[in-house]
Amino acid sequence: MDRYKAKVYSQSELMTDIYSLWLEIPHLVSRAHSGQFVSLYTNDPSRLLPRPISIADLDKENGRVRLVYRIAGEGTRQFSKLTEGDTVDVIGPLGNGYNTEAEKPLLLGGGIGIPPMLRLAKELSEKGISREDITVVLGYRDKTFLLEEFEKIATVYVTSDTGESGIKGNVLDAVNQYHLTGDMIYSCGPTPMLRGVQKFSKESGIKAQISLEERMACGVGACLACVCESAEIDDHSKVNNKRICKDGPVFYAEEVIL
């Protein structure tokens, strides 16, 4: 983990309050992979803590990282005003990412948990897994974003809370309706969704990796502000806790209690 002054390559608004930001950080990009995140500092001295944002994509040839985020407060609102040539302080890459051991992966992304699935799908594709064998289910609130990029490399199913896009329901409704399966489930999204994935994994016997979302302070495992309950005693805290920023954010489903 290092701190960098990153240059903004480009930024665009994908839909209301959801932005795609490309940063030039060659040394960070060379060490990053799917499931990890970076933390961005605002230029406001009154806001001391960085904001964690998952890695949505990597352009390793040009040393660029892509962050797709939703405005959730004043910090991310400030990020949305960044333009080409601006600079921002970044630390990363942070956390443990996905283990891309699957041969027939099933990716489940919900809400702002969708962007990390894009980099994962690309890494699986780069390993030689065919578009037909990479199955992705994307759960939206209403309208879609990033959908066309997923469709280039995977077989994609869509759900939405309102029924405006795809079938009405959540990602597991699509899994059940279309009888989707695989040899490894990868997921990222809100806790109720991940709780459902955890239950489905246990019932189906398909191993699952889940990426947890949580408010973070330091982002490097020192403050113990972003812990979750774990099945085993943590070597660091000596209790049944895991630090999401350091031990995660990706865990095998059986490792944590949601």
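Start with the lining of the second largest pocket: ten residues are nonpolar, ten polar and seven charged. On this count, Ala, Val, Leu, Ile, Met, Phe, Trp, Tyr, Cys and Pro are nonpolar, Asp, Glu, Lys and Arg are charged, and the others, Gly among them, are polar.

Before I go on, a word on what you see. This is a predicted model, where local features need pLDDT of at least 70 and side-chain atom pairs count only at pLDDT 80 or more, while totals for chains, interfaces and linings use all residues. Residues are numbered from 1 along each chain as its sequence is written, and side-chain values use heavy atoms, with hydrogens and water left out.

Back to the pocket. Its lining has 27 residues, and Gly111, Gly139, Tyr140, Arg141 and Asp161 lie nearest the centre. A pocket here is an open set of points on a 1 Å grid over the protein atoms alone, where a 1.4 Å probe fits, with protein on both sides within 12 Å along at least five of seven lines; lining residues have an atom within 4 Å of a point. The space in this second largest pocket is about 440 Å³. That volume is the space filled by probe spheres set on the points, with points joined across faces, edges and corners.

Which elements each supply at least two residues of the lining? Strand S7 (105–110), strand S8 (135–140), helix H5 (171–177) and helix H6 (191–204). H6 has the largest share, three residues. Helices (H or I, at least four residues) and strands (E, at least two) are DSSP runs, numbered from the N terminus.

Now the rings. The structure holds four aromatic pairs. Rings of Phe, Tyr and Trp (its six-membered ring) pair if their centres lie within 6.5 Å; planes under 30 degrees apart are stacked, over 60 edge-to-face, and the rest tilted. Tyr19 and Tyr69 have ring centres 5.9 Å apart and planes at 20 degrees, so they count as stacked. This pair links distant parts of the chain, 50 residues apart: Tyr19 is in strand S2 (residues 18–24) and Tyr69 in strand S5 (residues 64–70). Buried or exposed? Tyr19 is buried at 13% relative accessible area, and Tyr69 is buried at 3%. Buried means under 20% relative accessible area, exposed over 50%, and partly exposed in between (1.4 Å probe, protein chains only).

Next pair: Tyr140 and Phe145. Their ring centres are 5.4 Å apart and the planes stand at 80 degrees, so this pair is edge-to-face. Tyr140 is buried at 3%. Phe145 is buried too, at 6%.

On to the cores. The largest nonpolar core has 30 residues, and Leu107, Val136, Leu138, Phe150 and Val156 touch the most other members. A core is a set of buried Ala, Val, Leu, Ile, Met, Phe, Trp, Tyr and Cys residues joined through side-chain atoms within 4.5 Å. Helix H3 (115–126), S8, helix H4 (147–151), strand S9 (155–160), strand S11 (184–188) and strand S15 (250–252) each give two or more residues to this core. H3 gives the most, five.

Look at Val136. Leaving aside neighbours within four places in sequence, Val136 is in contact with Leu107, Phe150, Ala154, Thr155, Val156 and Tyr157. Contact means heavy atoms within 4.5 Å. There is also a second, separate core of 23 residues, including Leu23, Ile25, Leu67 and Leu82.

Last, the backbone. Most residues other than glycine have a negative phi, and most peptide bonds are trans. Gly92 and Pro93 are joined by a cis peptide bond, with omega about -5 degrees. Pro93 sits in strand S6 (residues 87–94). Asp17, not a glycine, has a positive phi of about 70 degrees. Asp17 lies in the loop between strand S1 (2–15) and S2, and is partly exposed at 33%. Leu146 also has a positive phi, near 70 degrees. Leu146 is in the loop between S8 and H4, and is buried at 7%.

One more loop, between S6 and S7. Thr100 lies there, buried at 18%. Beyond neighbours within four places in sequence, the contacts of Thr100 are Ser34, Leu120, Glu123, Leu124, Lys127 and Tyr186. Asn96 is in the loop between S6 and S7 as well, partly exposed at 38%. Asn96 and Lys246 are 150 residues apart in sequence, yet 7.0 Å apart in space, C-alpha to C-alpha.
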